[in-house]
Amino acid sequence: MSYSPSKEGGLSQAAPNINSQDLTRTAATGSTPEDQVSPMVDEASPSSTSSFEMLDMESVPAPYQEVQPHWFFCRRAEDSTSWLPFSREDSDKLENACNTIGEKGEQEVVVAVDGERYDVHVRERKRYAVYWEQAPTEVRRCTWFYKGDKDTRFMPYPEDSAKRLEEAYMIAVTLDEWKTKLVFPTGETVILHNPKLIMQYLPIGLQDEWVSSPSEHTRPGTVKRGVSNIPVEIPDGEPEKVDHLVFMVHGIGPACDLRFRSIIQCVNDFRSASLSLLASHYKRAQQDGKIGKVEFLPVNWHSALHGDATGVDEDIQRITLPSISRLRHFTNDTLLDLFFYNSPTYCQTIVDTVASEINRLHTLFKQRHPEFNGEVSVVGHSLGSLILFDLLTNQRTGSEDRKGAPSDEPFRLNCDTLEQTLSRLGLQQYLETLQAENLDLESLALCQDSDLKDLGIPLGPRKKILNYVRRKWLPQDKTGAIRLAPGLQAPPPVTSDADGNQSSELTMQQSQFHRAQSVTSAVDYEYFDMGIGQVSIDYPQLAFHPQTFFAFGSPIGMFLTVRGLKHIDPNYTFPTCKSFYNIYHPYDPVAYRIEPMIVYEVDLEPMLIPHHKGRKRMHLELKDSLTRMSMDLKNNVLGSLRTAWQSFSRLPVAALPPVEAGETTIERDLQEPQTSAAVTASAKREEKSADFWTKILEWPRALYKHYFKGVCVESECSVSAEEKEQPEIKMGMLNEGRRIDFVLQEKPIESFNEYLFAIQSHLCYWESEDTALLLLKEIYDKQGVAFEQPQQ
């Protein structure tokens with residue numbers, strides 16, 4: 001092997017003509033195929049060679065071993081690029097597919113990775129998202145890595161550069177010749193000093209012609225061979241079996257946390273937390289193969305609302321003031337979603353988008369997991385929970401017909417029933433008119449006075465029809481008020497017209513959104529139609545019946561109250577969903593409770609969500625301990641004072657004659673006919689003395705009776721009340737009779753100032769392990785899988 005000075009300065013390796021047979025012969029004989037030239041080694045004393053260039057001449061060089069590749073994918077942010085490793089299982093699948101392409105010459109091989117949420121096109125080296133829209137990311141087969149002096153992590157070389165480095169390393173190991181220099185087209189220089197020291201030099205600016213050493217004009221970086229030699233955490237593979245599927249709907253705005261991450265990234269974090277909790281809290285069940293994993297999929301509706309199809313952003317931008325542009329942009333992109341949902345036009349768009357996206361994801365998931373037979377649940381955060389609540393309240397069960405009426409109604413909705421009704425009212429002449437419009441009793445209940453007027457029905461007959469149909473179609477309570485959707489009761493606003501008849505305040509209008517359509521027409525909030533004052537729109541149906549509905553930081557209670565709902569019937573339940581959990585942080589400014597609307601006569605504290613490590617947080621335990629300590633101290637002090645007052649008030653009384661006896665003696669003396677003034681004065685002084693001592697001795701007794709004894713009794717009653725178990729209160733059927741409101745434990749730092757962490761508290765659920773564990777417990781408890789508390 002010969003070396004010659006490079007034109008740029010330093011040493012460059014003359015390209016040796018070595019094939020695989022020569023390398024084999026070289027490894028056996030220890031000589032080069034070019035005239036058996038020995039490796040270039042300085043024969044001077046070891047002190048003349050730097051420490052990292054010294055070679056142990058007595059040791060036999062280790063034989064060359066092929067590097068083990070690992071597959072990485074690229075994650076690009078706005079100002080950074082990072083490479084993350086696949087799990088070992090996914091990397092092995094990609095490597096096998098890559099070898100298949102090389103051996104069989106196939107055009108393309110697609111490999112499902114990351115729990116089958118992504119597909120990797122191996123030949124194209126691209127990773128595509130399956131369930132959501134995301135730009136394809138680059139995939140790389142990595143063997144060599146580098147890190148600059150200011151980098152925090154190792155970055156993989158491109159595959160062609162890594163191949164050149166591996167060839168040079170193989171030659172150096174085989175021939176035992178080092179200090180090899182490689183120059184890449186990008187200007188990077190790599191020098192192989194020895195197997196453990198390989199440096200990279202990046203040129204800075206223009207190079208001077210007289211510079212002779214690369215170290216004089218570049219900053220060195222570290223080069224490592226193989227993923228096992230770099231500090232990188234390779235994720236564990238996911239179980240293939242899916243036990244449960246959960247759809248997660250976001251709230252207002254495109255960002256879901258303080259780092260302005262999308263719903264996709266937040267759901268990825270929540271999924272990672274659940275996998276970690278499954279490994280720690282369901283370890284035995286996983287080892288026995290009883291459980292697999294819970295799959296979480298994001299549902300994004302914000303992009304559809306603010307996309308080009310609606311054009312709402314353009315309309316809002318035209319009327320937005322130019323001042324404080326960033327704040328106004330944040331308001332238009334985030335806060336206005338609340339107002340959009342209360343608009344009949346855009347509410348229809350939001351609800352249709354959520355339902356269609358959930359159904360699309362469910363269908364796609366079933367196609368990719370044909371063996372899946374588990375249940376499905378839904379999660380809503382902030383406004384997303386309200387969207388799901390309205391959607392679930394308007395679902396229809398299988399026993400209901402197309403119009404949503406139960407099949408077991410006391411009367412059938414057909415023309416015969418309509419004919420009987422008109423005959424009873426003496427209006428048979430209008431039967432053909434109504435039949436021509438395909439109207440039945442249910443349709444008549446949805447009609448307004450203007451609708452019947454358009455059919456040519458006079459004022460008197462149409463008022464009779466509307467009054468009778470609504471009275472018979474809508475059940476009424478004892479007060480005559482219309483009873484609304486089962487369990488959700490609120491009186492509809494009514495007004496009186498010129499004829500003295502009551503009619504709904506707003507007119508019925510249901511229409512889908514079109515860009516050119518006017519949105520200034522009246523909006524109908526008919527209570528008999530929607531049940532709880534929702535906007536009168538056509539609620540789509542889900543393709544499945546959810547098992548559980550989880551609400552994170554939900555304003556459902558506030559919206560129901562604003563809509564006029566004061567009480568939720570304990571017998572009410574979602575038509576297709578039997579479980580409901582309202583989960584919130586104690587400092588969340590958007591969250592509201594649900595239980596007080598069901599059980600309003602009892603003030604119940606929410607259920608405290610246990611810490612995922614099996615205890616309360618330390619500051620909460622300290623707070624409870626101090627409370628118990630102060631109560632015990634108060635009881636002990638009051639008990640001691642009570643004993644002291646008893647002793648003080650009892651002993652002097654026993655040493656003195658009874659007050660009654662004294663009073664009798666005085667009265668007897670006063671009754672004697674004594675005319676002496678001295679005797680009379682003495683008797684008066686004794687009487688005053690007796691009254692004085694009586695009051696003095698009775699004061700401690702009265703003080704003990706009215707104050708200390710009362711306080712002690714009150715304290716004892718409070719302690720006994722705490723010790724007694726609270727009577728079991730039925731929370732209605734919204735969660736199958738179980739508790740609904742669950743509160744997280746605040747962190748110690750959050751307890752110092754709850755206002756500073758208010759916004760963060762509303763966005764904390766995506767990374768909350770306590771929340772994830774509550775979901776897992778609810779899901780696997782219904783499957784009969786035992787929960788394990790790990791040893792701390």
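Reply: The open sheet is built from 7 strands in the order β16-β15-β17-β21-β23-β25-β24, and their pairing is parallel. At its edges stand β16 (293–299) and β24 (607–608), each with a single partner strand, so one side of each is left without a neighbour in the sheet. Helix α4 (residues 263–281) packs on this sheet, where it touches β15 (242–249), β16 and β21, and its direction makes about 170 degrees with that of β16. Strands here are DSSP runs of E with at least two residues, helices are runs of H or I with at least four residues, and both are numbered from the N terminus; two strands pair if DSSP finds at least two bridges between them. Contact means heavy atoms within 4.5 Å, while axes are lines fitted to C-alpha atoms, for helices over the stretch in contact, with angles running from 0 to 180 degrees between N-to-C directions.

This is a predicted model, in which local features need pLDDT of at least 70 and side-chain atom pairs count only at pLDDT 80 or more, whereas totals for chains, interfaces and linings use all residues. Residues are numbered from 1 along each chain as its sequence is written, and side-chain values use heavy atoms, with hydrogens and water left out.

Within the sheet, strand β17 (residues 375–381) and strand β21 (residues 548–552) run parallel and are joined by 4 bridges, with V378 of the pair standing opposite F549 in β21. Helix α10 lies across β15, β17 and β21, running at about 130 degrees to β17. This helix, residues 383–393, is mostly covered, since 11 of its 11 residues are buried (buried means under 20% relative accessible area, exposed over 50%, and partly exposed in between, with a 1.4 Å probe and protein chains only).

Elsewhere in the chain, strand β6 (residues 118–121) and β7 pair in the antiparallel sense over 4 bridges, and they form a hairpin with 4 residues between them, where R125 in the turn has a positive phi of about 60 degrees.

Leaving aside neighbours within four places in sequence, T320 is in contact with R328 and N332; T320 and N332 are 12 residues apart in sequence and 8.7 Å apart in space, C-alpha to C-alpha.

For the chain overall, the secondary structure comes to 23 helices and 25 strands, and 41% of the 792 residues count as buried. Among contacts between residues at least 6 apart in sequence, 68% join residues at least 24 apart.
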